[in-house]
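I opened the notebook to look up a few features of this structure one at a time. The entries follow in the order I made them.

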Amino acid sequence: MVVGIMNPYEMAIAQFDEAAERLGLSQAMRAILRKSKRELIVNFPVRMDSGEVQMFTGYRVQHNINRGPAKGGIRFSSEVSLDEMRALAMWMTWKCAVVGIPFGGAKGGVVCDPHTMSRNELERLSRRYATEISILIGPNSDIPAPDMNTNPQVMSWMMDTYSMHMGYSVPAVITGKPLAIGGSEGRLEATARGVQVVTREALKDLNMSPERCAVVIQGFGNVGSISARLLSELGCKIVGLSDIAGGVYNLNGIDVMTALRYSREHGNLHGLPNTEHITNAELLELPCDVLVPAALENQITARNAGRIQARLLIEAANGPTTPDAEAILYARGVTIVPDILANAGGVTVSYFEWVQDLQRFFWEEDEINRRLELIMSRSYRAVRQKAEEQQTNLRMGAYLLAVARVAEATEIRGVYP
Ligand code: NAD
């Protein structure tokens, strides 16, 4: 058994292989779906504020585009690697298929530490990276979105760069934009709103009432911080939170609005009044009913899975649980709502944003949230039903649904020429 950190691509392949085996896919179909369709590596210079020129490496990987144009976020992090991009692109393919939206999977990223860069440096990096990957991206071909350490401002620079090259505005080339340039109502909260819907449904299935649930959330960025707010609105008590600087906890409950304000003012949660400081590793093992990893991959491994106390694990982040950790959690009776379902709210509203941009016709926030709620609750039920039918867990239920849909599209389109 592999203990500890796992290459995310190996993890994605292992999950796919199991689903392919259960579905009885042909060897040819397995070979097609195991590989990325396109992998672009770009090395490019950026002029830093000091005047010095620094080289950066970026990626854009498209996994499968048989169900529609490629879709997937852009990540800025020193951890970005080709294998990470391949895994995340493959997970995007399954995610879009699980919720039934007509996109294929992609992912992009730049190896950099955005926290050490100025706003001007980040703008130059974003614009040059957008230029470098413009041979792939476009409103009909590949539509990026925000991910770790990228935000609506980065999306705006990339949309503007692409539009400058075309000579006219192309809002549909990217999602997660501000409202002023064709963004969608509800996009900022969308991933967390999806997390809220699946948590509510899973708690119902477990006969647990949100008012009696203690929740721990790792990561306090877009997904983690808004999930904290929306889960506390659902009635849950938030007892632990964290960001890259470490964790804070109070078993009597943390006021999320105070935490949001504090984090905005101080840049992180360290020193939040009425809380104790803990490490990110300790945070995951706190006594709680629901654990929501909302930061990065490989957080719950064979090393700590035996000490996780939650009954319900909601994978808001992509790939937070390794397969060997998962086996330990299942043996201990933990329910896991898998990433490709739990965090699909983001790509669902990204799809709404793209549709609105293409039609130049914008919907009210109520309409967005109503449609998101419908898609997330329907997808949760379909996954649960598949898992029950096949006597398996929710992750395999989601994979069986998703991989079958992508395989069907790939089969129907046939092998060209
Ligand atoms: P973000 O950059 O807004 O926030 C990331 C958070 O994680 C920050 O609070 C950061 O301090 C924390 N963090 C970073 N490294 C950490 C570490 N080593 N230990 C603990 N905390 C750490 O990113 P985000 O958009 O909220 O994305 C979070 C996760 O959700 C990622 O896995 C991403 O792929 C996934 N996701 C995001 C979206 C979206 O719409 N933004 C959609 C689907 C999935």
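**Entry 1: helix H14**

I began with H14 and asked how much of this helix is covered. The model is a predicted one, and in it H14 is mostly covered, with 14 of its 20 residues buried. I then checked its length. H14 runs over residues 394-413, and at 1.5 Å a residue its 20 residues should span 28 Å; I found the end C-alpha atoms 29 Å apart, which agrees.

Next I looked at the two ends.

I went on into the segment after H14, where Pro417 lies. The peptide bond that joins Tyr416 and Pro417 is cis, with omega at about 5 degrees. I noted this because most peptide bonds are trans.

**Entry 2: helix H3**

I ran the length check again on H3, residues 82-98. At 1.5 Å a residue, its 17 residues should span 24 Å, and the end C-alpha atoms are 24 Å apart, which agrees. I also looked up its burial: 15 of the 17 residues of H3 are buried, so the rest of the structure largely encloses this helix. Just after H3 comes Gly100, whose phi is positive, about 70 degrees.

**Entry 3: the ligand**

Which residues are closest to the ligand? I counted 22 residues around the ligand, and the closest are Asp147, Asn149, Thr191, Phe220 and Asn318. By type, the shell divides into nine nonpolar, nine polar and four charged residues.

For Arg75, a polar side-chain atom lies 2.9 Å from a ligand oxygen. For Arg187, an N or O atom of the side chain is 3.3 Å from an oxygen atom of the ligand.

Among the helices, H6 (187-205) and H7 (222-233) each supply at least two residues of the shell.

**Entry 4: two asparagines with positive phi**

I came back to Asn149, one of the residues closest to the ligand. Its phi is positive, about 65 degrees, although Asn149 is not a glycine. I wrote it down because most residues other than glycine have a negative phi. Asn149 sits in the loop between strand E5 (142-146) and helix H5 (152-166).

Asn274 also has a positive phi, near 65 degrees, and is likewise a residue other than glycine. I placed Asn274 in the loop between helix H8 (256-266) and strand E9 (276-278).

Are these asparagines buried or exposed? Asn149 has 33% relative accessibility, so it counts as partly exposed. Asn274 has 70%, and exposed means over 50%, so Asn274 counts as exposed.

**Entry 5: pairs apart in sequence**

- Leu284 and Ile308 are 24 residues apart in sequence, and their C-alpha atoms are 6.5 Å apart. Leu284 is found in helix H9 (residues 280-284) and is buried, with a relative accessible area of 2%.
- Leu234 and Gln196 are 38 residues apart along the chain, with 7.7 Å between their C-alpha atoms. Leu234 lies in the loop between H7 and strand E7 (237-243). Its relative accessible area is 17%, and buried means under 20%, so Leu234 is buried.
- Gly253 and Gln299 are 46 residues apart in sequence and 23 Å apart in space, C-alpha to C-alpha. Gly253 lies in the loop between strand E8 (246-249) and H8, and is partly exposed at 23% relative accessible area.

How values were computed: Residues are numbered from 1 along each chain as its sequence is written. This is a predicted model: local features need pLDDT of at least 70, side-chain atom pairs count only at pLDDT 80 or more; totals for chains, interfaces and linings use all residues. Side-chain values use heavy atoms; hydrogens and water are left out. A residue is near a molecule or strand if one of its heavy atoms lies within 4 Å of it. A polar contact is a pair of N or O atoms within 3.5 Å; within protein, one must be able to donate a hydrogen and the other to accept it, and residues adjacent in sequence count only if both atoms are side-chain atoms. Helices (H or I, at least four residues) and strands (E, at least two) are DSSP runs, numbered from the N terminus. Ala, Val, Leu, Ile, Met, Phe, Trp, Tyr, Cys and Pro count as nonpolar, Asp, Glu, Lys and Arg as charged, and the others, Gly among them, as polar. The expected span of a helix is 1.5 Å times one less than its number of residues. Buried means under 20% relative accessible area, exposed over 50%, partly exposed in between (1.4 Å probe, protein chains only).
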